[in-house]
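Q: Can you walk me through this one? I'd like the contacts and the overall shape.

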Amino acid sequence: MCNLCEKETVYLTKFCEKCRKVKHYLNLYDDRVYEILDSVLSRDPEKQNNKVRMEINKEIENMRAKQIKRGSEHN
Ligand SMILES: [Zn+2]
(Lines give C-alpha, C1' and ligand atoms only; values in the text may rest on other atoms or scores of the structure.)
Protein backbone atom coordinates (compact mmCIF):
# COMPACT_ATOMS: atom_id res chain seq x y z
CA MET A 1 0.00 0.00 0.00
CA CYS A 2 1.23 3.46 -0.89
CA ASN A 3 2.39 5.39 2.20
CA LEU A 4 0.85 8.62 1.05
CA CYS A 5 -2.55 8.05 -0.57
CA GLU A 6 -3.05 4.64 1.06
CA LYS A 7 -5.07 3.60 -1.96
CA GLU A 8 -2.65 2.37 -4.58
CA THR A 9 -0.94 -0.95 -4.20
CA VAL A 10 2.82 -0.78 -4.41
CA TYR A 11 5.35 -3.56 -4.04
CA LEU A 12 8.92 -2.35 -4.00
CA THR A 13 8.45 1.36 -3.35
CA LYS A 14 6.86 3.42 -0.59
CA PHE A 15 4.82 5.61 -2.91
CA CYS A 16 2.70 5.00 -5.97
CA GLU A 17 3.49 6.78 -9.23
CA LYS A 18 1.15 9.72 -8.55
CA CYS A 19 2.45 10.25 -5.04
CA ARG A 20 6.04 9.97 -6.21
CA LYS A 21 5.30 12.99 -8.38
CA VAL A 22 4.00 14.84 -5.31
CA LYS A 23 7.15 13.84 -3.46
CA HIS A 24 9.21 15.14 -6.36
CA TYR A 25 7.49 18.53 -6.13
CA LEU A 26 8.06 18.56 -2.39
CA ASN A 27 11.76 17.97 -2.94
CA LEU A 28 11.88 20.77 -5.49
CA TYR A 29 9.69 23.39 -3.84
CA ASP A 30 9.55 22.49 -0.11
CA ASP A 31 6.98 24.55 1.79
CA ARG A 32 5.85 26.28 -1.39
CA VAL A 33 3.86 23.10 -2.18
CA TYR A 34 1.91 23.35 1.07
CA GLU A 35 1.33 27.07 0.56
CA ILE A 36 -0.04 26.48 -2.92
CA LEU A 37 -2.24 23.57 -1.82
CA ASP A 38 -3.59 25.62 1.08
CA SER A 39 -4.29 28.68 -0.98
CA VAL A 40 -5.81 26.78 -3.89
CA LEU A 41 -7.80 23.99 -2.25
CA SER A 42 -9.32 26.13 0.50
CA ARG A 43 -11.23 28.07 -2.16
CA ASP A 44 -14.55 27.49 -3.91
CA PRO A 45 -14.23 25.18 -6.92
CA GLU A 46 -14.94 27.98 -9.37
CA LYS A 47 -12.34 30.21 -7.79
CA GLN A 48 -9.77 27.42 -7.77
CA ASN A 49 -9.11 27.64 -11.50
CA ASN A 50 -8.42 31.35 -11.28
CA LYS A 51 -6.11 30.79 -8.33
CA VAL A 52 -4.28 28.00 -10.13
CA ARG A 53 -3.79 30.26 -13.13
CA MET A 54 -2.50 33.04 -10.88
CA GLU A 55 -0.09 30.72 -9.09
CA ILE A 56 1.23 29.35 -12.37
CA ASN A 57 1.75 32.86 -13.69
CA LYS A 58 3.55 33.77 -10.48
CA GLU A 59 5.86 30.76 -10.84
CA ILE A 60 6.58 31.63 -14.47
CA GLU A 61 7.39 35.22 -13.49
CA ASN A 62 9.69 34.01 -10.72
CA MET A 63 11.45 31.68 -13.12
CA ARG A 64 11.83 34.47 -15.69
CA ALA A 65 13.17 36.83 -13.04
CA LYS A 66 15.73 34.22 -12.00
CA GLN A 67 16.74 33.63 -15.60
CA ILE A 68 17.17 37.36 -16.24
CA LYS A 69 19.21 37.66 -13.04
CA ARG A 70 21.36 34.69 -14.06
CA GLY A 71 21.80 36.15 -17.54
CA SER A 72 22.93 39.52 -16.23
CA GLU A 73 25.48 37.89 -13.95
CA HIS A 74 27.20 36.42 -16.97
CA ASN A 75 27.32 39.74 -18.82
ZN1 LIG B 1 -0.07 6.98 -3.58
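This is a predicted model: local features need pLDDT of at least 70, side-chain atom pairs count only at pLDDT 80 or more; totals for chains, interfaces and linings use all residues.

Q: Fine. Which residues is C2 in contact with, leaving aside its neighbours within four places in sequence?
A: With those neighbours set aside, C2 is in contact with K7, E8, V10, F15, C16 and C19.

Q: Where is the place of C2 relative to α1?
A: C2 sits in the segment before α1.

Q: Is C2 exposed or partly exposed?
A: Partly exposed: 17 other C-beta atoms lie within 10 Å of C2, and a residue needs 20 or more to be buried.

Q: How far apart are C2 and N49 in space?
A: Their C-alpha atoms are 28 Å apart, with a sequence separation of 47 residues.

Q: Switching to the whole chain. How many helices and strands does the protein have?
A: There are three helices and zero strands, in the order α-α-α from the N terminus on. The protein is more spread out than a compact globule, because its radius of gyration is 17 Å, well over the 11 Å that the globule rule gives for 75 residues.

Q: What box do the C-alpha atoms fill?
A: Roughly 50 × 35 × 15 Å along the principal axes.

Q: And what share of the residues is buried?
A: Buried residues make up 0% of the 75.

Q: Which elements have the lowest and highest mean pLDDT?
A: Helix α3 (residues 45-74) has the lowest, 82, and helix α1 (residues 17-29) the highest, 93. For the protein, the mean is 87, and 95% of residues reach 70 or more.

Key. Residues are numbered from 1 along each chain as its sequence is written. Helices (H or I, at least four residues) and strands (E, at least two) are DSSP runs, numbered from the N terminus. The radius of gyration is taken over C-alpha atoms; the globule rule is 2.2 Å times the number of residues to the power 0.38. A residue is buried if 20 or more other C-beta atoms lie within 10 Å of its own, exposed if 12 or fewer, and partly exposed in between; C-beta atoms are placed from the backbone. pLDDT is the predictor's confidence in each residue, from 0 to 100. Two residues are in contact if their C-beta atoms, placed from the backbone, lie within 7 Å.
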